[in-house]
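Please open the model in your viewer and keep the sequence panel beside it. The tour moves from one selection to the next, with a short account of what is found at each stop.

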Amino acid sequence: MLIQQATSEKQILSESECHHCGQPCEETFWLNDKPFCCYGCKTVFEILSTNNLCEYYILDKNAGSKIHASEIEVFSYLDENTICKKIISFDSPTFAKVDFFIPAIHCVSCIWLLENLHKIDAGILQSEVNFAKKHVTLNFDPAKIKLSAIAALLNSIGYTPQINLTKSGPVSSVTNQSLLIKLVVAGFCFGNIMLFSFPEYLGIDQSDQLLSRVFSWLNVALAIPVFFYSGFDYFRSASKSFKQKQINIDVPIAAGLLALFLRSCYDIITATGPGYLDSFTGLVFFLLIGRWFQNKTYESLAFDRDFTSYFPLAIHKLDNTEWKPIIIYDLQIADQIRVRNMEIIPADSTLLDDQAYIDYSFVSGESKPVLVRQSETVYAGGRLIGSPVRLVVEKKTSQSQLTSLWNNDIFKKVAESKYQKIIDMAARRFTWIVMGIALTTAIYWQLVQPKEMWLTLTSVLMVACPCALALAAPFTYGNMLRVFGKHKLYLKNADVIERLATIDSVVFDKTGTVTHGKTPEITFTGKLSDTAFAAVKSITSCSTHPLSSLITKFIKQQSSAVVIDFKEIPGKGILGIIDEHLFKIGSADFVGMLKNRDQDVSTIYVSIDEDVKGYFSIRISVRQSLDTMLQRLGNKCRALLSGTMKATGSK
């Protein structure tokens with residue numbers, strides 16, 4: 001029977017801000033009267049404090065990044081000789097050099113700390129940071145510190161290195177380098193043409209015509225590389241567009257650039273005017289800046305489009321009787337591998353152990369762990385939750401399910417009539433309108449005053465060049481991707497932004513979306529022993545539901561018991577067997593109890609062997625900005641979904 005007594009335990013999570021990373025503390029860890037949001041941030045502070053490096057916080061308050069337990073990686077594979085050679089640029093018995101890419105570098109505090117690593121470990125001789133490229137070059141003594149220890153040290157202080165074992169860089173880096181050279185050439189020519197055009201801007205008199213002619217011819221010389229090198233991609237794109245019988249934004253741009261260049265050359269050669277080469281080179285320069293900015297934005301989000309960044313670099317393989325790290329691309333069919341808790345399955349494999357829980361949220365979008373039993377297939381991309389398991393590789397990584405997923409057409413930028421790019425749609429109509437106006441103007445002036453025909457024709461093409469439209473697209477999309485990324489919302493590509501603009505219905509999830517768990521009040525009513533509390537924590541830790549996570553954090557008792565036959569039933573609850581006792585945790589109906597009358601709190605019941613022992617009451621507040629957001633969305637708000645209620649319309 002349920003004991004209707006308010007319980008003994010109550011917890012209100014702290015609202016303090018973490019001294020290290022500045023994020024709100026859901027559970028506060030205190031050290032030297034300073035609050036920390038997690039054990040990782042507290043550990044980093046201890047490391048810095050012990051080595052007299054707390055100036056890190058003076059240079060930039062809350063400069064650190066949150067250390068998530070799930071992000072901690074094992075770097076032992078870096079000590080393998082074949083792997084080590086691919087990373088280290090110079091190696092000798094007493095001196096070695098390595099270069100790490102560290103995305104977390106973002107401020108002067110990062111630079112200061114990373115360049116003082118030698119104070120933390122004597123094995124590191126020197127470290128130098130390239131802030132622009134987010135690289136740190138380390139000189140170290142291999143006899144005193146291993147490469148894996150350096151990577152682990154960087155990870156422990158919040159600067160996890162992103163390691164790439166391939167020597168050749170991505171194709172995009174070569175493209176970006178070419179674009180950068182074109183941008184530099186256009187900028188150099190544009191700046192000098194502006195300088196040589198000062199006589200025209202200042203209004204010289206007839207006595208300085210010789211100087212004006214010299215400057216005009218110098219401008220032509222500087223404009224030629226801009227036309228044939230920096231801006232030639234626009235002409236190439238326009239040519240391909242005509243061949244494919246399609247019109248994109250590059251067509252009117254190319255027409256405008258061509259008119260500017262030819263008209264300017266004609267004016268200078270015939271000595272009838274100074275031309276417009278400053279406008280021509282300036283337009284190319286700013287267009288290239290837009291492309292460069294867009295490429296840099298995409299490059300910063302490249303990991304979202306590359307499955308190799310999601311995979312682990314190495315995995316433990318059984319070699320005779322010993323487990324040794326091996327690069328995942330060297331895995332062969334029938335190899336036996338071992339995967340630990342929270343590690344990614346690198347290839348489609350067969351489970352050797354009795355059972356395992358796999359999180360396929362990346363592959364399927366469903367975060368509920370899937371139970372896989374012995375001899376069943378575990379697909380690449382799944383994340384193991386629970387005890388380590390042994391697997392036998394069925395397919396090589398290049399043939400895996402995850403690779404097929406990323407190669408699926410749904411993830412590619414395909415042309416769809418329903419979602420055509422706004423810019424190209426406008427370009428089709430705009431180009432025909434401009435060409436029609438230009439042709440009409442040319443015919444009119446040919447009949448009225450033939451000498452003015454070419455002047456008016458080129459003037460229309462120059463004035464109508466859609467440079468603003470071409471610049472708006474990359475800057476808008478690039479900036480939107482950066483804004484989304486800052487708020488931890490990563491889009492597959494820029495085309496998704498256009499689709500987001502057409503959304504007409506919004507459906508909300510309740511727990512964790514409309515409500516939040518930053519400052520919940522949790523109480524337990526009933527009777528549970530410490531052993532039972534620990535068992536409940538073991539079961540709730542297997543679930544990714546926000547309420548399960550809150551209960552897991554609330555319970556302080558620890559247990560090493562193994563959960564058997566764990567199941568999660570959406571909208572009802574979870575169950576599992578520990579020490580031959582069946583635990584059910586969920587709604588009143590799920591455990592066979594009358595529903596609690598208090599509708600202002602989330603009530604989670606607990607039963608052991610079908611006997612209800614009590615319930616957790618979790619009072620979670622609604623997000624403060626929810627009313628304002630709902631007012632902005634208006635009639636687009638359609639429904640609210642929750643595991644404890646049916647979807648309801650919003651009116």
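Two residues are in contact when heavy atoms of theirs lie within 4.5 Å. This is a predicted model, in which local features need pLDDT of at least 70 and side-chain atom pairs count only at pLDDT 80 or more, whereas totals for chains, interfaces and linings use all residues. Residues are numbered from 1 along each chain as its sequence is written, and side-chain values use heavy atoms, with hydrogens and water left out.

**The whole protein**

Start with everything shown: the protein has 22 helices and 25 strands, where helices (H or I, at least four residues) and strands (E, at least two) are DSSP runs numbered from the N terminus. Of its 651 residues, 43% count as buried, a term that stands for under 20% relative accessible area with a 1.4 Å probe, protein chains only. Among contacts between residues at least 6 apart in sequence, 63% join residues at least 24 apart.

**Lysine 537**

Select lysine 537, which is in helix H19, residues 530-540. Is this lysine buried or exposed? Lysine 537 counts as buried because its relative accessible area is 15%. Beyond its neighbours within four places in sequence, lysine 537 is in contact with Thr552, Ile555, Lys556, Gln557 and Gln558.

Next, select strand S19 (residues 564-569) and strand S20 (residues 573-578), which run antiparallel and are joined by four bridges; strands are taken to pair if DSSP finds at least two bridges between them. Isoleucine 569 has glycine 573 in S20 as its bridge partner. The two strands form a hairpin with three residues between them, and in the turn glycine 571 has a positive phi of about 85°.

**The nonpolar cores**

Now select Leu78, Phe100, Leu147 and Tyr159, which touch the most other members of the largest nonpolar core, a group of 49 residues. Such a core is a set of buried Ala, Val, Leu, Ile, Met, Phe, Trp, Tyr and Cys residues joined through side-chain atoms within 4.5 Å. Among the elements that give two or more residues to this core are strand S5 (96-101) and helix H5 (147-156), and H5 gives the most, with five residues. Centre on phenylalanine 100, whose contacts, not counting residues up to four places away in sequence, include Ile87, Val136, Leu147, Leu154 and Ile163. A second, separate core of 31 residues includes Leu183, Phe190, Phe215 and Val251.

The structure holds zero disulfides, a disulfide being a pair of cysteine sulfur atoms within 2.5 Å.

How values were computed:
Buried means under 20% relative accessible area, exposed over 50%, partly exposed in between (1.4 Å probe, protein chains only).
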